[in-house]
Amino acid sequence: MRIPAHSVCTAIRDDIVAGVYERGSRLTEELLARRYGVSRVPVREALRTLEAEGFVVTRRHAGACVAEPTEQEAADLLEMRMLLEPLGASRAAQRRTDAHLKVLRGLVRLGQERARRGNSEDLRSLGGWFHETLAQAAGSPALTSMLTQLRHKIAWMYAVEAPANPVESWAEHGAIVDAVARGDSERARAVTTLHTERSSAVHRLRFGGPERANGVRNSQHAVNMSGLRH
């Protein structure tokens with residue numbers, strides 16, 4: 001497959017998150033360039049970026065490899081999310097635009113409708129878009145970037161079970177938007193803290209048991225160019 005050079009980093013990251021490349025497997029520039037239909041230059045740049053983000057490590061005599069995070073490192077990510085998402089909601093209550101609010105309200109309406117119907121796949125996507133929009137509404141590019149990286153890494157390390165009560169979960173989303181719309185930063189922080197704590201409870205580590213022997217799993221899917229949302 002051939003993709004734009006500027007999208008190579010996103011493509012490799014998405015394949016790591018999806019499990020196409022196993023933890024600890026080698027990532028050679030030549031094979032990656034061939035897979036994505038680009039030269040080795042954008043691949044090399046992408047690997048540097050992914051190393052800075054924590055998805056890739058460089059090992060002596062092996063070169064670039066998929067990182068192998070520990071269970072403690074994975075747990076730290078959830079703790080960081082529980083600190084940063086409420087901060088983002090608090091900032092959004094102070095800085096959101098009417099456009100942000102319109103999108104958030106629309107997502108809540110859709111989410112509540114899908115929750116009543118029990119469509120879990122739609123809910124997963126809608127939840128990702130909701131939290132991405134909420135992070136953007138915080139008006140802080142640095143905070144938005146950190147939350148985006150956290151979502152990618154959490155999606156890589158954890159499988160997320162559907163909430164036991166999706167209707168209640170989307171009621172919490174609605175309460176967050178209500179607080180943001182009123183400009184009530186403390187309420188937005190408090191409701192988001194509760195929501196994030198409950199969300200973290202349904203995350204299950206993808207690793208910890210015996211590792212699969214193969215370094216790369218065959219993928220039947222096209223590369224996701226838009227990036228994963230969680």
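**The chain as a whole**

Of the 230 residues of the protein chain, 46% count as buried, where buried means under 20% relative accessible area, exposed over 50% and partly exposed in between, with a 1.4 Å probe and protein chains only. This is a predicted model, in which local features need pLDDT of at least 70 and side-chain atom pairs count only at pLDDT 80 or more, while totals for chains, interfaces and linings use all residues. Residues are numbered from 1 along each chain as its sequence is written, and side-chain values use heavy atoms, with hydrogens and water left out.

The protein chain has nine helices and four strands. Both are DSSP runs numbered from the N terminus: H or I over at least four residues for helices, E over at least two for strands. In sequence order the pattern is α-α-α-β-β-α-α-α-α-β-α-α-β. Among contacts in the protein chain with a separation of 6 or more, 77% come from residues 24 or more positions apart; a contact means heavy atoms within 4.5 Å.

Next come the ring pairs. Rings of Phe, Tyr and Trp (its six-membered ring) pair if their centres lie within 6.5 Å; planes under 30 degrees apart count as stacked, over 60 as edge-to-face and the rest as tilted. By this rule there are two aromatic pairs. Phe55 and Trp156 have ring centres 5.2 Å apart and planes at 40 degrees, so this pair is tilted. Because Phe55 lies in the loop between α3 (40–53) and β1 (56–59) and Trp156 in helix α7, the pair ties together parts that are 101 residues apart in sequence. Both Phe55 and Trp156 are buried. In the pair of Phe130 and Trp170, the ring centres are 6.2 Å apart and the planes stand at 75 degrees, so the pair is edge-to-face. Phe130 belongs to helix α6 and Trp170 to helix α8 (residues 166–182), so parts 40 residues apart in sequence are tied together. Phe130 is buried at a relative accessible area of 0%, and Trp170 is buried at 3%.

Which residue has a positive phi although it is not a glycine? His61 does, at about 70 degrees. His61 sits in the loop between β1 and β2 (63–66) and counts as exposed, at 78% relative accessibility.

On a 1 Å grid over the protein atoms alone, a cavity is a set of points where a 1.4 Å probe fits but cannot get out, and a pocket is an open set with protein on both sides within 12 Å along at least five of seven lines; lining residues have an atom within 4 Å of a point. Grid points are joined across faces, edges and corners, and a volume is the space filled by probe spheres set on the points.

The structure holds one cavity of 30 Å³ or more. The largest cavity contains about 60 Å³ of space, and its lining includes Glu85, His131, Leu147 and Thr192. The largest pocket has a volume of about 690 Å³. Of its 33 lining residues, Val160, Glu161, Pro163, Ser169 and Ser199 are the closest to its centre.
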